Amino acid sequence: MGEAAEEIPSIVLSGEVVELDRESEEWKVVAKKVREVCETWGCFVVEYDKIPIELQEELFETTKDMFDLPEETKLKYKKATPKDGGYVVSNPFIPLYESFGVYGEDEVRAFEKLMWPRGKPGFCEVQISVTAKMLELNLLLLRMIFESIGVGDFYNSKAMDDNIVGRLRAHKYKLPKENQDPIGLKPHVDKTILTILCQNSVQGLEVLTKQGNWIPINIPRGALVVIVGDALEAWTNGRLHPPKHRVVMSGDKERYSCGFFAIPKDGVTIEAPPELVDNDYPLRYRPFVYSEYLAKHIANVSFDALKIYAGV
Ligand SMILES: O=C(O)CCC(=O)C(=O)O
Ligand SMILES: [Fe+2]
């Protein structure tokens with residue numbers, strides 16, 4: 001492959017595409033494209049008008065306000081385990097990074113009261129609206145992927161909408177000081193089914209291609225990025241590729257991003273459908289309860305965490 005091929009593919013999921021008849025050829029063509037880029041790249045840019053730029057701008061306004069709170073207020077939202085999100089303070093390992101994971105509607109409301117005792121108009125509505133729309137997009141993509149691999153029934157029988165939970169996490173990346181390492185987030189593989197990211201127009205996300213090159217993911221204003229996580233790699237018996245990615249800071253503006261991390265609900269077992277296990281694709285992972293894997297390995301940054309836990 002030449003240099004020109006090294007650009008993250010982009011897919012348009014306009015209103016018309018979303019409304020397509022699931023049996024139509026047009027739907028199948030888009031589904032195939034989504035599946036193929038998830039196999040070869042493990043990530044892609046998506047233009048999705050149901051999460052418009054205006055909504056993203058509102059989200060980033062409140063996101064900035066979150067991080068602008070006094071440190072002692074932010075520290076009130078520290079959680080005991082990373083699984084529950086909470087406020088993650090920048091530390092020597094990731095000095096440019098801090099994040100807020102506020103997971104679920106009740107938490108969003110509790111968070112508002114804790115951070116802004118006099119209230120923060122619009123905060124909960126935006127968080128809840130973005131989460132719901134991201135979940136919808138996540139389910140749409142999963143349907144496309146499973147149907148296109150030829151196991152649409154698996155998607156239906158698994159009642160994905162009942163078995164998946166989505167969590168919204170906000171990140172802030174400071175600018176590096178002179179001579180400071182510009183790494184905002186170290187290379188990692190997401191422990192998710194799919195991750196969907198949006199950013200405040202400041203680039204910095206990079207992905208490691210299968211050819212072994214780190215390349216920037218240029219996210220056009222208003223677009224989103226979708227990244228395959230290790231749960232989906234296991235669920236498709238290794239057909240989809242969970243790519244290593246990182247954040248590298250440059251330029252003169254701080255970066256904010258919001259990620260929607262879809263994971264199986266507590267107690268859900270990940271087991272590849274039998275149709276996806278054959279001589280070309282021998283079973284990669286034993287069936288395992290995803291929440292048990294996460295509880296044990298959430299802080300394990302090894303790229304092989306899943307292989308170590310459930311590899312056959
Ligand atoms: O900020 C970003 O764009 C990437 C965040 C990320 O990769 C993660 O939180 O897993
Ligand atoms: Fe990630």
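A nonpolar core is here a set of buried Ala, Val, Leu, Ile, Met, Phe, Trp, Tyr and Cys residues joined through C-beta atoms within 7 Å. The structure described is a predicted model.

**Core**

The largest nonpolar core holds 73 residues, and those that touch the most other members are Cys-43, Leu-194, Leu-224, Val-225 and Val-226. Helix α6 supplies the largest share of this core, with 11 residues. Leaving aside residues up to four places away in sequence, Cys-43 touches Ile-8, Val-207, Ile-217, Val-225, Val-226, Ile-227, Val-228 and Pro-243.

**Eight-stranded sheet**

An open sheet of 8 strands runs in the order β1-β2-β10-β7-β12-β5-β4-β3, with mixed pairing. Strands β1 (10-13) and β3 (86-88) stand at its edges with a single partner strand each, so one side of each has no neighbour in the sheet. On average, neighbouring strands of this sheet are turned by 25° against each other, direction ignored. Within the sheet, β7 pairs with β10 (residues 224-228) in the antiparallel sense through 4 bridges; Thr-195 has Ile-227 of β10 as its bridge partner.

| Helix | Strands touched | Angle between directions |
|---|---|---|
| α3 | β4, β5, β7 and β12 | about 105° with β12 |
| α6 | β2 (43-48), β4, β5, β7, β10 and β12 | about 120° with β5 |

**Helix α3**

Helix α3 comprises 15 residues (53-67); at 1.5 Å a residue it should span 21 Å, and its end C-alpha atoms are 21 Å apart, in agreement with that expectation. Its buried residues are Gln-56, Leu-59, Thr-63 and Met-66. Viewed down the axis of α3, these buried residues fall within an arc of 70°, so they line one face of the helix. An α-helix has 3.6 residues a turn, so residues three or four places apart point the same way. The buried residues of α3 pack against the strands β4 (97-102), β5 (164-173), β7 (194-199) and β12 (255-264), and also against the helices α5 (105-115) and α6 (123-149).

**Four-stranded sheet**

Another open sheet has 4 strands in the order β6-β11-β8-β9, and its pairing is antiparallel. Strands β6 (183-188) and β9 (214-216) form the edges, each pairing on one side only. From one strand to the next, the twist averages 25°. Strands β8 (residues 205-208) and β11 (residues 245-248) run antiparallel and are joined by 3 bridges. Val-207 has His-245 of β11 as its bridge partner, and Val-207 is also among the residues that Cys-43 touches.

How values were computed: Residues numbered from 1 in each chain as written. Chains lettered and ligands numbered in written order. Predicted model: local features only at pLDDT ≥ 70, side-chain atom pairs only at ≥ 80, totals over all residues. Helix = DSSP H or I, 4+ residues; strand = E, 2+ residues; numbered from the N terminus. Expected span 1.5 Å × (residues − 1). Buried ≥ 20, exposed ≤ 12 C-beta atoms within 10 Å, placed from the backbone. Arc of directions from axis to C-beta. Contact = placed C-beta atoms within 7 Å. Pairing = 2+ DSSP bridges. Axes fitted to C-alpha atoms, helices over the stretch in contact; angles between N-to-C directions.
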